[in-house]
Amino acid sequence: MRNSAQPWFFDAWSAFYDLPLVQWATYWPVHDAIVAALRSRDARRILDVGCGTGQLSARLRRERPEAWVAGCDFSAGMLRQAAARTRAVEWVRGDACRLPFRDRSFDAVVSSEAFHWFPDQQLATEELFRVLAPGGSALVALVNTPARLISGGIQAASRIAGEPFYWPTSAEMRARFERAGFEVSAQTRIFRVPGGLLLPPVLTCAVRPAERPHRVPRSRS
Ligand SMILES: C[S@@+](CC[C@H](N)C(=O)[O-])C[C@H]1O[C@@H](n2cnc3c(N)ncnc32)[C@H](O)[C@@H]1O
């Protein structure tokens, strides 16, 4: 049994990923929530991790023509579809657990319906922290289950199916982000029908704290 999902699985998926019904029912409500949450933030350099065919990255670029937007994914098939969509976004092949970007390169990092596939979610969260500038925001949306027992059961089933993933609880998401150094500012349920009523996606918003200026202690004389 494999421990992580493989790029070829997503390469195959990319062929029908953009079907309007799939997008409308599954992904657009999540994209809407991320776009709305990002509006109140001043972000000129934005990274979309696990960008897939690039729907969200392209939308963010349209919303903010002045921004530099990069979309990163480990599937060549997904990135081919993304590159055919627009050249206004920088498409980069890379693994979420080893992001091919320098420290502090972005003001905002988003991820939609991809985090559950990352084989080491704590490491991926630390990577989001690393590539964000102090004061920058991470907006990560995926299904959060109501209990760890449910998360574990679904994970076991996904392992048997050969493409393992893990949907965490909201408390686990918060703990991962805080352990990586983030301050979690909100966790908001996203309305989606029909399956989303039972297992709704949740948007976790977190901030990499700004660094306090280093104060030189005054010497007493
Ligand atoms: C369900 S799709 C979501 C795509 C996009 N974010 C959206 O909302 O339309 C999940 C994406 O995560 C990508 N992915 C999965 N594991 C990854 C990893 N370890 N590193 C980078 N991308 C990964 C897949 O290739 C796929 O494109």
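Helix axes are lines fitted to C-alpha atoms over the stretch in contact, and the angle between two of them runs from 0 to 180 degrees between N-to-C directions. Helices (H or I, at least four residues) and strands (E, at least two) are DSSP runs, numbered from the N terminus. The model is predicted, so local features need pLDDT of at least 70 and side-chain atom pairs count only at pLDDT 80 or more, while totals for chains, interfaces and linings use all residues. Residues are numbered from 1 along each chain as its sequence is written, and side-chain values use heavy atoms, with hydrogens and water left out.

**First stop: two helices**

Select α5 (121-131) and helix α7 (residues 170-180). Their axes come within 9 Å and cross at roughly 50°. The two helices are therefore oblique to each other; angles under 35 degrees count as roughly parallel, over 145 as roughly antiparallel, 65 to 115 as roughly perpendicular and the rest as oblique.

Next, display the side chains at the contact (heavy atoms within 4.5 Å). Q121, Q122, T125, E126, L128 and F129 of α5 meet R176, F177, R179 and A180 of α7. By class, this contact has four nonpolar, three polar and three charged residues. Here Ala, Val, Leu, Ile, Met, Phe, Trp, Tyr, Cys and Pro count as nonpolar, Asp, Glu, Lys and Arg as charged, and the others, Gly among them, as polar.

Eight of the eleven residues of α5 are buried, so the helix is largely enclosed by the rest of the structure. Buried means under 20% relative accessible area, exposed over 50%, and partly exposed in between (1.4 Å probe, protein chains only). Among the buried residues of α5 are A124, E127 and V131. What covers the buried residues includes β1 (45-49), β4, β5 (132-143) and α7.

Select R102, found in the loop between β3 and β4. At 71% relative accessibility, R102 counts as exposed. R102 touches R130 and V131, not counting residues up to four places away in sequence.

R104 is found in the loop between β3 (90-93) and β4 (106-112). Its phi is near 60°, a positive value in a residue other than glycine. Most residues other than glycine have a negative phi. At 39% relative accessibility, R104 counts as partly exposed.

Move on to E113, in the loop between β4 and α5. E113 has a positive phi of about 55° although it is not a glycine, and it is buried, with a relative accessible area of 11%.

**Last stop: aromatic rings**

Rings of Phe, Tyr and Trp (its six-membered ring) pair if their centres lie within 6.5 Å; planes under 30 degrees apart count as stacked, over 60 as edge-to-face and the rest as tilted. By this rule the count comes to 13 aromatic pairs. One of them, F10 with F74, is tilted, at 5.7 Å centre to centre and 55° between the planes. This pair links distant parts of the chain, 64 residues apart: F10 is in helix α1 (residues 7-13) and F74 in the loop between β2 (68-73) and α4 (76-85). F10 is buried, with a relative accessible area of 8%, and F74 counts as partly exposed at 25%.

Finally, select W8, F9, F10, F74, W117, F165 and W167, which form one aromatic cluster.
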